Amino acid sequence: MYAAALCAGAAAWLTAGRDQGHLRAMLSPAGGGVVREPPHRPWQRLPVLLRARREWLCAVVGLVVAVLGESVLPLIAGVLAVPLERRRLRAAERASARARRADEVIALCGAVAGELRAGLQPGRALIFAAGATDGLGTAESAVVAAARFGGDVPGALREAARQPGADGLAGVAVCWRVAVDSGAGLAAGLDRLEAALRAERDQREDLRAQLAGARSTIGLLALLPVVGLAMGWALGADPLRVLLHTPGGLLCLLTGGALEAAGVYWAARIVGDARRGGVG
C-alpha cells in the first residue's frame with residue numbers, strides 16, 4: 001500500500017511537470033523572438049524541489065521505514081516531524097540572513113568612510129555607498145531619500161536598524177548625529193564603528209567554531225539508536241518488527257524516543273546558552 005502511494009505521488013508529480021511544460025509552449029508568442037525551452041526532464045527538478053522542501057524528507061524517511069517495518073507508525077511520526085523540521089530550517093535561514101545583513105552593515109560603514117575621504121559630502125557618500133552595498137536592506141529608499149533631500153538621516157538610520165542583523169546602523173546614526181552637531185569627523189567615527197562591528201563578528205565566529213565540536217557530538221549521540229538498529233539488523237535480528245509489532249517493543253520505542261528528544265533538546269539548550277553568553 002505504501003509503495004503504491006509513493007508510486008502514485010511520483011507519477012502525479014511527473015505528469016504535472018509535463019503538463020506545465022506543454023502549457024508554457026502553448027502560451028509562448030509565435031514568430032521571431034520566441035525563447036525555446038530545452039527538453040523537459042522532470043528528474044532535473046528533483047534537487048531544486050528537495051532544496052525548497054527539505055522538511056518533507058522526514059515524511060519520505062518515515063514512508064521508507066513504514067514500508068520496511070510494515071507499520072503506519074513511522075509514517076505518522078515522519079509527517080508529524082515535518083512542521084518541526086520546517087521551523088528549524090526557517091530559524092536557520094533567519095540566522096543566516098541576520099549574519100549576512102550584519103556583514104553588509106560593516107561593508108556600508110567602510111564604503112561611506114571611503115567616499116568621505118574621496119571628497120564627497122556625507123549625504124552623497126551615503127547614497128553612493130547604499131547603492132554599492134545592501135546594508136540598508138528594505139529601508140534603503142527611506143534613508144536615501146532623507147540623505148538626498150536633507151531629511152532626518154539619523155532617524156531613518158535608526159528605523160533601518162530595526163531590521164534583523166542591522167543593529168550596527170544605530171551606531172551609524174549616532175556617528176552621523178555627532179558629526180552634524182559638533183562637526184566631528186564622520187569618517188573617523190565610521191572607521192571606529194566598523195572596527196568594533198568586525199571585532200564583534202569575529203568573536204561570534206570564533207565562538208561558533210568552538211561550539212562546532214559540541215554540536216557534532218550531539219548529532220553523533222542522536223544517531224546512536226539508528227546505529228544500534230542497523231547492527232541488530234546486520235546480526236540477523238528484526239528490530240523494526242519487535243519495536244513496531246510487540247507491546248514491549250512499543251513501550252521501549254516510546255520511552256526511548258521521549259528520552260532521545262529530551263536529551264537532544266537539553267544539549268541544544270546548553271549549547272545555545274553558551275553561545276548567547278559568549279556573545280553577550
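In the protein, 59% of the contacts with a separation of 6 or more join residues 24 or more positions apart. The model is a predicted one. The protein has 11 helices and 0 strands. Read from the N terminus, its elements run α-α-α-α-α-α-α-α-α-α-α. Of its 280 residues, 28% are buried. The accessible surface of the protein is about 17900 Å². Carbon and sulfur atoms hold 65% of that surface.

Helix packing was examined next. Two packed helices are described by the angle between their axes and the distance between the axes. Helix H5 covers residues 122-132, and helix H6 covers residues 140-148. Their axes come within 8 Å. The axes cross at roughly 155 degrees. Angles over 145 degrees count as roughly antiparallel, and H5 and H6 are therefore roughly antiparallel to each other. The crossing of H5 past H6 is left-handed. On the H5 side, the contact is made by Gly 123, Leu 126, Ile 127, Ala 130 and Gly 131. On the H6 side, it is made by Glu 140, Val 143, Val 144, Ala 147 and Arg 148. By class, this contact of H5 with H6 comprises 6 nonpolar, 2 polar and 2 charged residues.

Helix H6 also packs against H7. The axes of H6 and H7 come within 9 Å. They cross at roughly 170 degrees. The cut-off of 145 degrees applies here too, and H6 and H7 are therefore roughly antiparallel to each other. H6 contributes Ala 142, Val 143, Ala 146 and Ala 147 to the contact. These residues meet Val 153, Ala 156, Leu 157 and Ala 160 in H7. The contact of H6 with H7 has 8 nonpolar residues, no polar ones and no charged ones. Val 143 and Ala 147 of H6 are among the residues that meet H7, and both also take part in the contact with H5.

The chain was then followed beyond H7. Helix H7 spans 153-160, and helix H8 spans 168-182. Asp 167 lies in the loop between H7 and H8. The relative accessibility of Asp 167 is 58%. Residues over 50% count as exposed, so Asp 167 is exposed. Asp 167 and Leu 157 are 10 residues apart along the chain. Their C-alpha atoms are separated by 9.9 Å. Leu 157 is one of the H7 residues in the contact with H6.

Technical notes: Residues are numbered from 1 along each chain as its sequence is written. This is a predicted model: local features need pLDDT of at least 70, side-chain atom pairs count only at pLDDT 80 or more; totals for chains, interfaces and linings use all residues. Side-chain values use heavy atoms; hydrogens and water are left out. Axes are lines fitted to C-alpha atoms, for helices over the stretch in contact, and angles run from 0 to 180 degrees between N-to-C directions. Helices (H or I, at least four residues) and strands (E, at least two) are DSSP runs, numbered from the N terminus. Angles under 35 degrees count as roughly parallel, over 145 as roughly antiparallel, 65 to 115 as roughly perpendicular and the rest as oblique. A crossing is left-handed if the near helix is turned anticlockwise from the far one by less than a right angle, and right-handed if clockwise. Contact means heavy atoms within 4.5 Å. Ala, Val, Leu, Ile, Met, Phe, Trp, Tyr, Cys and Pro count as nonpolar, Asp, Glu, Lys and Arg as charged, and the others, Gly among them, as polar. Buried means under 20% relative accessible area, exposed over 50%, partly exposed in between (1.4 Å probe, protein chains only). Accessible areas come from the Shrake-Rupley method with a 1.4 Å probe; for residues, only the protein chains shown count as cover.
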